Amino acid sequence: MKKHIFSVMLLLASVSLAAQEKAVDTTNRLKTVTGTVLDAATGKPLAGVIVSAYGNQRQTTMTDEQGQYELKVPQHTRSVMMRIDGYNLQQNAIANGKANGRMYSDAFRENYSRQTTAVISAEANRFDNNSEFSIDPLVAQQLGADMRTVSRGGIAGMGSTMLIEGINSLNANAQPLVVIDDVLMDMQYNREMLHDGYFNNLLANLNVNDIESVQVLKNGTALYGAKGANGVLIIKTKRNKSMATKIDVTINGRYELVPRLPEMMSAEDYRLYTTDLLMGRMNPSQMGQMKYLNSEPDYYYYRQYHNQTDWTDEVYQNAFSQNYGINVQGGDDAASYNLSVGYSLGNSTLKENDFSRFNMRLNSDITITRKLGVRFDASYSDVDRSLRDDGAPAQPLSTVITSPGFLGLTKAPFLSPYAYDKHGNVSHYLAEADDYLEGKFQGRGRLANPVSILEHGDGKNRNSFGNRLITFAITPTFQFNRHLSLSEHFTLGLVNTNENYYLPIQGVPTFVVEGLDEGTTLQNIVRSQAGSETAIQSDTRVSWQNTYHAHQIAVKAGLRYMSNDYKLTSQQGYNSGNDKTPNMSSSLRFKSTGGADDKTREIAWYALADYHYADRYYLNAGISAQASSRFGDDASGLKLFNVVWGLFPSIEAAWVLTNEHWLAGVKGIDYLRLNVGFDMTGNDDIDYTASRSYFIAKRMLGESASGKLIGNIGNTDLQWETTCRLTAGLNGNFLNNRLHMQLNLFKSWTSNLLSIRQLAWTSGLQENWSNDGKLENVGFDVNVSGKVLALRHFSWELGASAGHYHNKVTALPDGNRSIETQVYDGTILTQVGQPVGLFYGYKSNGVYATSAEAQADGHYILKQNGDRVYFEAGDIRFTDFDHNGLIDEADRTIIGNPNPDIFGNLFTTITYKNLSLHAVMNYSLGNDVYNYQRSLLEGGSLFLNQTTAMQNRWTTENQQTDIPRVSYTDPMGNARFSDRWIEDGSYLRLSSVTLSWHLPIQSTYLQGITIWGNAQNLFTVTRYLGSNPDCALGSSILSQGIDRGLLSAGRSFSLGVNVNL
Amino acid sequence: MKNEEFATASSGYKNNSAMDIQLIIKGNRSLRMGMKLLGTALFILHAACCVSCSNMLETDSELVEFEQDNTLNHPTDSVFSVLGIINRMQIIADRLVLLGEARADLVNTTEAASADLKRLAAFDFSQANQYNKVSDYYAVINNCNYYLAHVDTAMQRRGRHLFAYEYAAVKAFRAWTYLEVVKNYGEVPLVLEPLMTEREAAAAAEAPRKGITDICNYFISDLTPYALTEQPDFGTINGYDSKEFLIPMRALLGDLCLWAGRYEEAARWYNSYLNDKQRPVDLLPERRVRWTSATDYQRPSNGYNITGDEMLSYIPMEDRVFDGVVSDLRNVFCSTNENNYYYQFEPSKGMRRISAEQIYCMEYKTETTIDTIYAPRTGLTDDLYIGDLRLSSNYSLNSFGAQDAYSEYSSLRQEVNKIISTRVPMYRRTMVYLRYAEALNRCGLTQSAMAVLKYGLCAENNKRYIDSLELDKAGDLIAFDENRVTKERTIGIHSRGSGDSECNAYYVLPQPAAKLATRQDTIDYQMPLVEDMIVNEMALEGAFEGYRFYDLMRVALRRNDPAYLADPISRRSGHADESLRTLLMNKNNWFLPLK
């Protein structure tokens, strides 16, 4: 029965088009439009402006010397379009047969487009004159409020996390679908990397110079079916546009300064700190025997332990990067092409984190016969990096700290990176790991020599990462006639990554790893992995479009098939024996292998229709039906052909008010459009195998046997998350097009959230994925820009944007039970009625200055064995919400929210003749950041150097301070997850300032030269104490706003030249 | 030029309405044609999809084996599956001991004990407890159920049903796990089919629950046809004889019958197992701890060790966390580097009392005479030497003065050397004998039961120590192969720690003060008293191995006397804990809550 419904529906979608056909309006006549077009800067008439009926190239004319034109257009035409090189495009409503225009220089942003659709989107373009390795920061700068972006870090090309229209998922991917030249990409957001803190940003495989535009699609996403719930980012690469051959050469270089770092204690202050830690932990009589505490200058070991090393100098550097590129465009009637080749070399301010990329792209359009055309695109890019772990470690005591950046901050400053010889002189040999606590102290706390990790870990077979992205696309299109065409878009994408990891023996302390064998100390780590992804996409599409009088209809229908195979193999082992043999070998200890074999198959049927009437009413409707191998067999959806289909309709409408007679020509209002839309979209980022029952192999009984056991019982009901979204927008140009304003509103409801649910205990398994939970988002974004000055040689544009979203969880699994997620010692609360990502911890209220104060409160904690331990003088006074004296989990409260109140950008462009200055500021207000790194740097619990703030730590009775006493491993939990580590992450940053000078040269060989200079991150206004409040931990929504001290972007200065041949 | 063209076109548009109409017609034709093509395309795609949509969406994996691929028709599949079940049993292994000891009266939790263990000891199940995870038992059960439902039992090779041995072994695993889970939870759903979807699992959790007797009765019938099926032999794995991973079917049947109150059958199954034709279970007399001299009580000679082949069946554990599930028992019972010497259990006053109450007897032979001597109860070098010696043989506590006040380590070191980290016992020789004695006793064969404790059952001893009336009554319930289980290869279990019990005048079959009317009256008088002796002997022999709570519970249920359990447990620390006693007088509080 259902089978038939679907077939009928598909056919109806096509047949209904015929119903649109209607009788010819025999009264149809042409009318005459006249007008004058002036140059807004000079007020003088502009000749040669092409004027045409908007959206209809058939009626076109050109202005004369007086800037006047006369154009015959169909009666229903309500506006004309004006364009001329060097100026912005303009649309003008016809009022009483007249449509005048004032044209602005194209130094300003475009506020009109050639075509109007009912879909709301925002576009970033013009990515020239910069030295970025990936498009992310540029998109972030341009689309300040249209998309919330947070930087993943300062290592070259790590990019940003992106969120469009709030947060539409909890556990599944919440970032937009990326479509590059019509290819739906798997961005590998959740793939594990061997190097801690590193994220493989596939966008860094694209050369910025190859990108024409980046569009954020906020509604009208039916085509993308179960992938569109988080919005869509459409990236288009450059194609040839003219017959003339054009060659562009770009060369630029960038110098980046070490980012702001926390101020750490000096050698003597740290030495004092360590004695505070040892106090009460070891016999004072033995403390005197510790070599590093001997302050006799004649003492044999004195020099070894009396250095003043700024370890950050050893691991950070000012970095230089460079980009080279050549782009050739050209062609003729038969074929046109755009070929680009580029090479980039980037250093990071954290040593040994270098980037190099070679990229090549060919986009071609070939006309085979009059009716048959083929688009053929191919690209290749190869990224190579050296990498090291970065960021504060999750469990500093449970393993060895391997991040040079973190070691650079925390390593004891009284030690030297180089060893002392027996005569007491510094040698050129690198020092071994810390040993100043050895022998006497039973705790853990040895730190590696970061310089040794940098030097002995150097090499392709040690710490390297490679990533190759190869794409082929072939798109034959058969044009039956003016109205009907059939096309097939076939693409093959390959992504290969390989990564080697090596932690050297030399300079690294021996360590133990939980989960291996308690008794075994380990020397070093060797890891390697190789991943490959093959993505095949086929999109067969029938397109038809026609015009009936004032009605324009365009319909597309088709079938998309996608196949994605991702395979990963990884190995790791310990104790390579010596630093000469960094490879995986059979002699390693605790060898283990891992991997992934994730396959997805998807089929989607879709039908999309665009309709508009007389430049006033626009309608866009679409529906897609998607089936996926990831859906469970019993998912609730349309069951047809033995599979389950999710249906994703969308309908959008727009009304251009200024094209109505009653508003056309009204002074001050040049353009006004109202958009409304409703979309039902899905998120199919479902665990690959959760809907199926399967068995796993478990190695057991030494390594001599393996057992096969039930690994999962399938949730056959598993399905996509569904997001329904209402959107509305107002788009207007006012005051002779000097003021542009755009306001978008949205409200969305997401249901069937993918969440972990406890399985019935009879299954013998703990949990599985299910669809349970709901959330809502509501918000707006507003963009305002104004042409402040538009003079003959001087123009000044000023703009700003603001975005806001508020999201709220409305239902959760297991009867709305709140969910706590542990991330870097922090607790993230997911609770009904609250936004996602809340920080849930203890509230602190100063430090007990005296024992009397502490006793008066009588707060205590329970040890694991149930004994009470009371807080004392110098401990944090935690708020005891339940007034029982016991400070425990019941005393936690919401202490922060990583979601901003408002975010966006400010920008300005000043152009004087061929000189142009462009500046962008980005801001985010009201978001909290959990400064995890600071919780270690000011935690006072480990043998890690601390910030200078720790000089104020409580040491004596009656001392008034807000920093508690220090104590090894912090038994009282003074450094626990509390509001001490939650900071206001609001900031205003001058992200980019670009000054460019275009030399127009008219010679046979040279068309022009642009010389430009750019400065990034010149300053940031913030109260945040860490390096950068604009920091992301990972892709997960539940780890927003957590700063683990990953390298952040420093100030950088670039200089470049673009030569047009 | 181009503009002109456009202008012409637009004027043509205006003037020639005929052309206009033609255009529309053409448009229509193109539409029709388009529709036709579209229709055809849709039809083809539609047809293609009907056939292959579900095929097109099919995926496989190299990392996991999807259910439809797990066919269980190859010998290696079968072995891997059995090992998989053992893998799940490793997870519950520690709980066999901890749940059985923490709740009983032979250990106290120390200050260092985890809150979870302390709550177990206090029967406080109000909070989540790592030892209360019923799903771990059902993980074993579900894997067993899957195997039993899917293994290709019809498959034959060389005239033998290929998987018959494994099939029986898995049935035994399942029954054993059910007995474990129902002992701890009181009532559980009896799920016998594999649950392979979430829906099935949720439905099963709501199924009606069965108590201990029902569960036992079901599995007695389930296992009986396989009682004599041979055990599969996977050879040696990681130095273990893999046969010892399997459950001795008849011993398990004995246990099930014992719990179900079917005593004669229990005795019969135990006897059948212990007196097996091929592999009889004997008791070596030298496995005992004793004083070797009637004059020197400095240090007993220790031949008592249960960690070797005394274990008939055990759950093998991993050596290293890296390899999988390791046992945490040594960290609970003993001082280790991992727990900084802070052990969590120590022998309770109750345990010490039971041990000290025993009277050590020695048969003292000189060249001419045989005397019976009783070991002194004062003046010994260690209090643990009073009475039974097994506790002293197993347990030691030493103090190390070297640790200063700043040390993270405890200055006391405790060692319970019957706890080993690589094997958690399921069946031990003496424990099977003791349960056999329990069954015999309940059959009215009090002399036979007493003989297990005092002399050791064998043909020769039976004739000497059991009167003919009982011999007749017992029949082959106490039959032992004369050639295999001999006097030299058996021992009264009490003698393993309390000297030569056969001569012990204080350790005898209880007799009524005055002769009772009938023989049956005497037996009825003796039966509970012998049972008490057996339960005590189980404590002496099986302390710290996790049997105690269940032994007390079994007898308490049998006698319908909660005090039998509540009294000793509420007095475990030497004084009476009245609130605990009150709690335990309600037998619902004995069991872990099943959420």
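What percentage of the residues of chain B count as buried? After that, please describe the hairpin formed by S39(A) and S40(A).

Guide: This is a predicted model, in which local features need pLDDT of at least 70, side-chain atom pairs count only at pLDDT 80 or more, and totals for chains, interfaces and linings use all residues. Residues are numbered from 1 along each chain as its sequence is written, chains are lettered from A and ligands numbered from 1 in the order in which they are written, and side-chain values use heavy atoms, with hydrogens and water left out.

Of the 595 residues of chain B, 55% count as buried, where buried means under 20% relative accessible area, exposed over 50% and partly exposed in between (1.4 Å probe, protein chains only). Chain B contains 22 helices and 17 strands; these are DSSP runs numbered from the N terminus, helices being H or I of at least four residues and strands E of at least two. The C-alpha trace of chain B spans about 145 × 70 × 45 Å along its principal axes. Its radius of gyration is 34 Å, whereas a compact globule of 595 residues would have one near 25 Å; the radius is taken over C-alpha atoms, and the globule rule is 2.2 Å times the number of residues to the power 0.38.

The C-alpha trace of chain A spans about 110 × 70 × 60 Å along the principal axes, and 59% of the 1061 residues count as buried. Of the contacts in chain A with a separation of 6 or more, 71% are between residues 24 or more positions apart, a contact meaning heavy atoms within 4.5 Å.

Now to the hairpin itself. Strand S39 of chain A covers residues 819–823 and strand S40 of chain A residues 826–830; the two pair in the antiparallel sense over five bridges. Two strands are said to pair if DSSP finds at least two bridges between them. Within this pairing, Gln822(A) has Thr827(A) in S40(A) as its bridge partner. Two residues lie between S39(A) and S40(A), and in the turn Tyr824(A) has a positive phi of about 45 degrees.
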